[in-house]
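Colleague: I have the model open in the viewer. Can you take me through it?

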Amino acid sequence: MGLRDDLERFREVGEERREDLADFIQYGDLGQSRPGEIKIPVKIISLPEFEYDQRDQGGVGQGEDGTPDPGQPVGQPQPQPGDDGEDGDPGEEGGDHEYYEMDPEEFAEELDEELGLDLDPKGKKVVEEKEGPFTDLTRTGPNSTLDFERMFKEGLKRKLAMDFDEEFLRELCKVEGIEPRDVFEWARSENLPVSMAWIQEAYDDIPDAERGKWDSIEEVENEVERESVQQKIRREGVQHVPFRREDERYRHPEIIEEKEKNVVVVNIRDVSGSMREKKRELVERTFTPLDWYLQGKYDNAEFVYIAHDADAWEVERDEFFGIRSGGGTKISSAYELANELVEEYPWTDWNRYIFAAGDSENSSNDTEERVIPMMEQIPANLHAYVETQPSGNAINATHAEELERHFGTDAEDVAVAYVNDESDVTDAIYDILSTEGEQDE
């Protein structure tokens, strides 16, 4: 096995670990993990080993009586009967497993890679203000921060726009029989920014002996070389560029706000009598990876757990997935409680996710008259509902369908997912996490 083969095998190992991650989400024992430490069961695999070249018959790779043979992986014992699957009896037990531990940040990265997600959490709460680059400009400030380059450019633009060849216009004033108005009209035709008052003054200053020096304007144009503004600047230098007080700008540092990425995740679960064990398990398989993912994406994550039947109450995470009651179902009671609890997490400072799950059974008209208005009332990055119906939809399981009819399937802040068995879990997670669009604060 060469180096290229080793590298390829390592890449395969990475792919296998991501496949293990997807299998774990759908079928694994989630109870092995804690909120800050996620344990993914991985098969014990034979990692790549370097081997000596078969053509090299000398050195360490050669020997007998228990010493390595050529081509044998370094540090490995001689193959024993059954190791290659030929001489030994076939085994009946499943493969051994060990756990790969990852923190929520790594879990989020792996899930992004596995599902092709692109969630970019927005910071909201300002935790620090600091000076950035000197990009802001004001009209006052110390001389050391004067933006001289900008001031020079403004003065230069003014000179290019307002300057003209004064000597040439004085020569025009010497044409036989010409009047100041005639010179002004010629200057206007040439787009020269000169005033009638300036021409009148220049005309009056012409000595009598020089009047009539030229027979016509055409003669002046042919005999006198005109100097452009650019030529004049090169001749006079930049010290003649006119600066004005209004051109002065002083550089100040941009104030950069460091924002903390805070999130509160509200998990709502139907615990009524119809939510039997399989339905509860599917809720756990969907909600738990969502919690891990968001915990890995945000700097600070808080979680709120609400259980409901006809009434709603706050619970701890440890009891959230196991509760079961014998009451009826009124989903709006959970949203009313959620609306109260999220007041502790102002929308201006906190990102919010409201996730609810159940079998879509709800009391008559509650979805349309109470739940939908509450979902529209509570500001959140995303509202999501997960329907769990392992045996197919019951006749009165219409909550998810009503949400889809009202919000549509392309809403950027509402997602509806259906989980009928374990194989639907990763698709549901993708549908939820890929729904969120840009949010206005």
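Predicted model: local features only at pLDDT ≥ 70, side-chain atom pairs only at ≥ 80, totals over all residues.

Colleague: At what angle do H9 and H14 pack, and how far apart are the axes?

Modeller: The angle is about 45°, and the axes are 10 Å apart. H9 covers residues 277–297 and H14 covers residues 425–433. That angle is why H9 counts as oblique to H14.

Colleague: Which residues meet there?

Modeller: From H9, Arg 285, Thr 286, Pro 289, Leu 290 and Tyr 293. From H14, they meet Val 425, Ile 429, Ile 432 and Leu 433. By class, the contact has seven nonpolar residues, one polar and one charged.

Colleague: Arg 285 is in that list. What does Arg 285 form a salt bridge with?

Modeller: With Glu 281, where the closest N and O atoms are 3.3 Å apart. Both residues sit in H9, four residues apart, which is about one turn of the helix.

Colleague: Are Arg 285 and Glu 281 buried or partly exposed?

Modeller: Arg 285 has 8% relative accessibility, so Arg 285 counts as buried. Glu 281 is partly exposed, at a relative accessible area of 27%.

Colleague: How many salt bridges does the structure hold?

Modeller: There are 13. One of them pairs the side chains of Glu 171 and Lys 213, at 3.6 Å from N to O.

Colleague: Where do Glu 171 and Lys 213 lie?

Modeller: Glu 171 is in helix H4, residues 166–172. Lys 213 is in the loop between helix H6 (196–204) and helix H7 (217–223). The two are 42 residues apart in sequence, so the pair ties together separate parts of the chain.

Colleague: And is each of them buried or partly exposed?

Modeller: Glu 171 counts as buried, with 14% relative accessibility. Lys 213 is partly exposed, with a relative accessible area of 46%.

Colleague: What about Glu 210, which side chain does it meet in a salt bridge?

Modeller: Lys 174, at 2.6 Å from N to O. This pair also links distant parts of the chain, 36 residues apart. Glu 210 is in the loop between H6 and H7, while Lys 174 is in the loop between H4 and helix H5 (180–189).

Colleague: Which of those two is buried, and which is partly exposed?

Modeller: Lys 174 is buried, with a relative accessible area of 9%. Glu 210 is partly exposed, at 31% relative accessibility.

Colleague: Which residues do salt bridges with shared partners join into one network?

Modeller: Glu 171, Lys 174, Glu 210 and Lys 213.

Colleague: Changing topic. Where is Leu 21, and is Leu 21 buried or exposed?

Modeller: Leu 21 is in helix H1, residues 3–27. Leu 21 is buried, with a relative accessible area of 2%.

Colleague: What does Leu 21 touch?

Modeller: Leaving out residues up to four places away in sequence, Leu 21 touches Ile 40, Phe 107, Glu 110 and Leu 111. Leu 111 is 90 residues from Leu 21 along the chain, and their C-alpha atoms are separated by 7.9 Å.

Colleague: And for the protein as a whole, how many helices and strands are there?

Modeller: There are 14 helices and 12 strands. Of the 441 residues, 41% are buried. Among contacts with a separation of 6 or more, 80% are between residues 24 or more positions apart.

How values were computed: Residues numbered from 1 in each chain as written. Heavy atoms only, no water. Axes fitted to C-alpha atoms, helices over the stretch in contact; angles between N-to-C directions. Parallel < 35°, antiparallel > 145°, perpendicular 65-115°, else oblique. Contact = heavy atoms within 4.5 Å. Nonpolar A, V, L, I, M, F, W, Y, C, P; charged D, E, K, R; others polar. Salt bridge = Lys/Arg side-chain N within 4 Å of Asp/Glu carboxyl O. Buried < 20%, exposed > 50% of the residue type's maximum accessible area, 1.4 Å probe, protein only.
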